Amino acid sequence: STYITYEVLTESQQWLVRRRFSDFEWLRTILVKCFPRMVVPPLPGKKIGNRRFEEDFIQKRMMFLQKFINAVLENESFKTSEALIAFLSMIDRGQFDSKMKEMTTYQPSPYAEDLKTLTGKLTVIDDEENEKYFVNITNYFRLQGQLFDRLNYNMKNFYENISAACLNLEEVQKDFETLHLLNTKVLMKEEITKTYEELGIFFKNWKRIIFNQNELIKSHVKDFFKYIKMEGIAYTELIQSREIIKGKYKVEYDRVTAKKEKLWATMDLGKWEIIDEFNKVDRVLLLKDKTYAMQKMCTRDTQSLENIHKQLGYANKMNMEELKKLIAINSKRFTDNMKTFSENFYPTLNDGITVWTTLTSYI
């Protein structure tokens, strides 16, 4: 009475569990933590109030949750995740709650070398060369999001207006059925009585056709593009996390550079914080070549800075790869969706022609 649970069946393993929406949110949060440079599929927003118990809302949410699970399972890295396996397979609620609590405390390694990759090899892309690219992509998703918001608003109004029109047609149908019955009782001429009957049938069929078309438009246009917008937001989150790393790198770079400048001015090697086990240095060259000295001094700070720079380079690479995947998936999804929409919508047009032809033939 206070929340909804959803049945999740993994057919290949015959796992059957029940999960709350908050469990889906937990899974997504853990995947974002474990795979910080990958686009984790989006979830719909959390609803409050009694509307979350309405049948149409539950059906729509199930559709989005199905999309989420399907998209997660398309990613080879996600498929091996301990969190996903627990989510799909743990029947006992107490055990699952314990697993969620345990994994919620997980903190990813701060070292770039520990970032999870399918190949096991960390590859990076230089930041400066691609700055314009990321600016353009960020603007693209921002503008696309605004247009999708407008599209969603207009399609929502359209859906509600057509739904209201269907209710009106249903009332018109009832009126003609009542008129048919009334005229039958007073033995009105057959052509009058029969016409009322035919009009009742016509408006019943017309309402059915418009209702079916409206549902197809809702699922294949309104809801489809709403999900595409949600995916855009998920990718934007990835870009924003890259911006955080970039900001952190700039702050650290400025700090370490300023520190090294001060140390160079002292010409006191004892204060230069050079750790021999990590650095093989030419101590004569240290005092002659500033560029060389700046590379070798403050070993710990330099290693930390290089680690952040690697993370930034890896973020650049993954941002590009994830965008290419998103474009490829959405291109196929878009064409498949429009093909299905056309195939399902076309028969309703033929159905409409049949209904109108029947009425015209009678008259």
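Does K60 count as buried or exposed, and at what relative accessibility? At 18% relative accessibility, K60 counts as buried. Buried here means under 20% relative accessible area, exposed means over 50%, and partly exposed lies in between (1.4 Å probe, protein chains only). K60 sits in helix α2 (residues 55-73). Beyond its neighbours within four places in sequence, K60 is in contact with K218, K222, D223 and K226. Contact means heavy atoms within 4.5 Å.

The model is predicted: local features need pLDDT of at least 70, side-chain atom pairs count only at pLDDT 80 or more, and totals for chains, interfaces and linings use all residues. Residues are numbered from 1 along each chain as its sequence is written, and side-chain values use heavy atoms, with hydrogens and water left out.

The protein chain holds 10 helices and 2 strands. Helices (H or I, at least four residues) and strands (E, at least two) are DSSP runs, numbered from the N terminus. The order from the N terminus is β-β-α-α-α-α-α-α-α-α-α-α. The radius of gyration is 31 Å, well over the 21 Å that the globule rule gives for 363 residues, so the protein chain is more spread out than a compact globule. This radius is taken over C-alpha atoms, and the rule is 2.2 Å times the number of residues to the power 0.38. Along the principal axes, the C-alpha atoms fill a box of roughly 120 × 50 × 35 Å. Of the 363 residues, 38% are buried. Among contacts between residues at least 6 apart in sequence, 74% join residues at least 24 apart.

Two helix pairs involving α5 were examined. Helix α4 (residues 82-89) packs on helix α5 (residues 93-104) at about 165 degrees, with the axes 10 Å apart. That makes α4 roughly antiparallel to α5. The classes are roughly parallel under 35 degrees, roughly antiparallel over 145, roughly perpendicular from 65 to 115, and oblique for the rest. Axes are lines fitted to C-alpha atoms, for helices over the stretch in contact, and angles run from 0 to 180 degrees between N-to-C directions. E82, A83, A86 and F87 of α4 meet F96, K99, E102 and M103 of α5. By class, this contact has 5 nonpolar, no polar and 3 charged residues.

The axes of helix α1 (residues 21-34) and α5 come within 11 Å and cross at roughly 35 degrees. D23, W26, I30 and K33 of α1 contact R93, F96, K99, M100, M103 and T104 of α5.

Note on methods
Ala, Val, Leu, Ile, Met, Phe, Trp, Tyr, Cys and Pro count as nonpolar, Asp, Glu, Lys and Arg as charged, and the others, Gly among them, as polar.
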